[in-house]
Amino acid sequence: MSDDIYREIILDHYRNPRNKGRLTDPDVTIHDSNPLCGDEIDMHLKVEEDRIKDIKFEGRGCAISQASASMLTEMVSNKPLSMVKNLSKEDILENIGLTNLGPARIKCALLSLKVLKMSMVKYYADKDPKSAGDFHDESVKY
Amino acid sequence: MQKTALSVDEIRQDFPILKRKVGVGGSKTLVYLDNAATTQKPYVVINAMNEYYSSYNANIHRAVHQLGEEATAAYEQTREKVAKFINARSADEIIFTRNATEAINLVAYSWGRKNIKRADTIVLTEMEHHSNIVPWQILSQEKKSRICYLGVDDQGYLKMTDYERVLKKEPVRLVSVSEMSNVLGTILPLKEIITRAHENNVPVFVDAAQSVPHLQVDVQKTDCDFLAFSAHKMLGPTGVGILYVKKEILKEMPPFIGGGDMIKEVHQQNTIYNDLPYRFEGGTQNIAGVIGFSAALDYLAAIGMDRVRNHELEITRYALSALSDIKDITIYGPKNLRDRGGVISFNIADIHPHDLATIMNEHGIAIRSGHHCAQVLMERLDVAATSRASFYIYNTREEVDLFANALLDARRIFRI
Ligand SMILES: Cc1ncc(COP(=O)(O)O)c(C=O)c1O
């Protein structure tokens, strides 16, 4: 089982995270942590014409949370915000190839999605409060 | 004092959970190394509570009927046993709470609100559990007092020079320290800490959550003023904590939780409070839990705390030696066995503790990972988290071997 979780690709993203760091002039920056484990993620986004122009993350925590964040940034980079809106828990778990995590560790895998959705809410909060509401996603709350 | 080693094989027969199979398809026998969080319970403890509920369940103290008398006797006998276990002068100095955390809060709210004044200093250490930090922070916010943390050196020892400096320079009103760290295992020089505090007329609170279960504790010998621990960390049930307070201090403490049982007379506008220690036990107590704890105390007393300590020393020595053979491991806390308890915190290479715990779990091994409710210490050690294995009377060398092998497997899985 552990061999299935800690596959080469997870360890690679854990040790060589993509899009790690900050943006000089982000449109939105948001932080959250997982109280159970202490995993932390900060997301920085630059939005242009309803697309994610640039995305970076900072964070520390277990291999699952950090690899998942790294893979998520690759997944949404240059994609329209409507795609982020529709991203589900299952999409993320499938993308990272971890579909049978136990209840304690699934939170690690989903932290970055939660932070990304929070950043969308924050981005729209001033511009278009109605759209902000659309990004509230109960399924990634815990 | 018994000198013979303790018979771990026999002891293991007394703990039903140790036969439990865990893991995929129940393929592994449980290896339980999370004893600093809570220990397992022997049959005698489980049976004692079962018997209370099935044959003399009643509320205590005011009942005139037979069941009430029996329950009251069992509850009060436990108070006597606790007093004897930690060598208190009198059972009146023993108060039952829900856990060690509530015991610390009781003192912070009752004694603290009365005695801590603006600009007073409360001395803690960087090794404290959140339970021995947050209540004092709440008090300090209300009273505008200050918390000062004694440092920990790189070997995991308390910096006693910090202590001398603080005692000399600051208006210290209370010292509150954990006798044994739940992360580093460090055992503090309690006698020395208390003697120096008393020379300065400062009372000392001892968080004994990790020491009473593992070491011989004698409140008269150390002369501590307050002491708190939890039954569930020493074979007893959850939901029972113990607070010891020296009688002359307890007499002057205002009540904490108001309600039934802590009173003598209640009138429309005033109340006459009950005698000690009942004044501090408001409402119906965890009677079954206290009765279960009584059996745990008997069990430990029959083994003898010197043998408990010797067994833990032996297993910790064995584990430290097995673990130090593993490449890229960092072990925290004192190297000298005499100065530490059976708690080993460590990190291996870049394997995050949560990932390590997941891999251990698959081997049927229960360890803890995270900040262990000691974030101030994590900051001091400059780590986000550690993994922790902690031992008790039923742990064996074979279990340590399984654990060390599983750690090697974690290195393989992480390709290091
Ligand atoms: C040193 C120390 N103090 C206090 C506590 C709190 O114990 P409880 O949660 O039973 O109140 C613990 C338990 O984790 C501990 O290890």
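Chain B and chain A bury about 1500 Å² between them, and carbon and sulfur atoms give 47% of that area. Buried area here is the accessible area, taken with a 1.4 Å probe, that two parts lose on being put together, summed over both. The structure is a predicted model, in which local features need pLDDT of at least 70 and side-chain atom pairs count only at pLDDT 80 or more, while totals for chains, interfaces and linings use all residues. Residues are numbered from 1 along each chain as its sequence is written, chains are lettered from A and ligands numbered from 1 in the order in which they are written, and side-chain values use heavy atoms, with hydrogens and water left out.

**The interface**

Chain A contributes 19 residues to the contact and chain B contributes 14, where contact means heavy atoms within 4.5 Å. Between the two chains there are 4 salt bridges, each defined as a side-chain nitrogen of Lys or Arg within 4 Å of a carboxyl oxygen of Asp or Glu.

On the side of chain B that touches chain A, helix 12 (353-362) and helix 14 (397-413) are the elements that give two or more residues. Helix 12 of chain B gives the most, with 5 residues. Helices (H or I, at least four residues) and strands (E, at least two) are DSSP runs, numbered from the N terminus. By class, this side of chain B has 6 nonpolar, 3 polar and 5 charged residues. The classes count Ala, Val, Leu, Ile, Met, Phe, Trp, Tyr, Cys and Pro as nonpolar, Asp, Glu, Lys and Arg as charged, and the others, Gly among them, as polar.

One salt bridge is formed by A:Glu8 and B:Arg415, whose closest N and O atoms are 2.8 Å apart. Over all chains, the whole structure holds 33 salt bridges. The pair of A:Glu8 and B:Arg415 joins two chains, because A:Glu8 lies in helix 2 (residues 8-15) of chain A and B:Arg415 in the segment after helix 14 of chain B.

**The ligand**

The ligand is surrounded by 13 residues, the closest being B:Thr101, B:Asp207, B:Gln210, B:Ser230 and B:Lys233; a residue counts as near if one of its heavy atoms lies within 4 Å. The shell divides into 2 nonpolar, 9 polar and 2 charged residues.

| Residue | Ligand atom | Distance |
|---|---|---|
| B:Thr101 | oxygen | 2.5 Å |
| B:Asp207 | nitrogen | 2.6 Å |
| B:His232 | oxygen | 2.7 Å |

The protein covers 87% of the 400 Å² of accessible area that the ligand has on its own, with areas from the Shrake-Rupley method.

**Local backbone features**

The peptide bond from B:Leu276 to B:Pro277 is cis, with omega near -5 degrees. B:Pro277 is placed in the loop between strand 12 (271-273) and helix 10 (287-303) of chain B. In chain A, A:Asp50 is a residue other than glycine with a positive phi, near 55 degrees.

Technical notes:
Polar contact = N/O pair within 3.5 Å; in protein donor to acceptor, adjacent residues only side chain to side chain. Areas by Shrake-Rupley, 256 points an atom, 1.4 Å probe, with all protein chains shown as cover.
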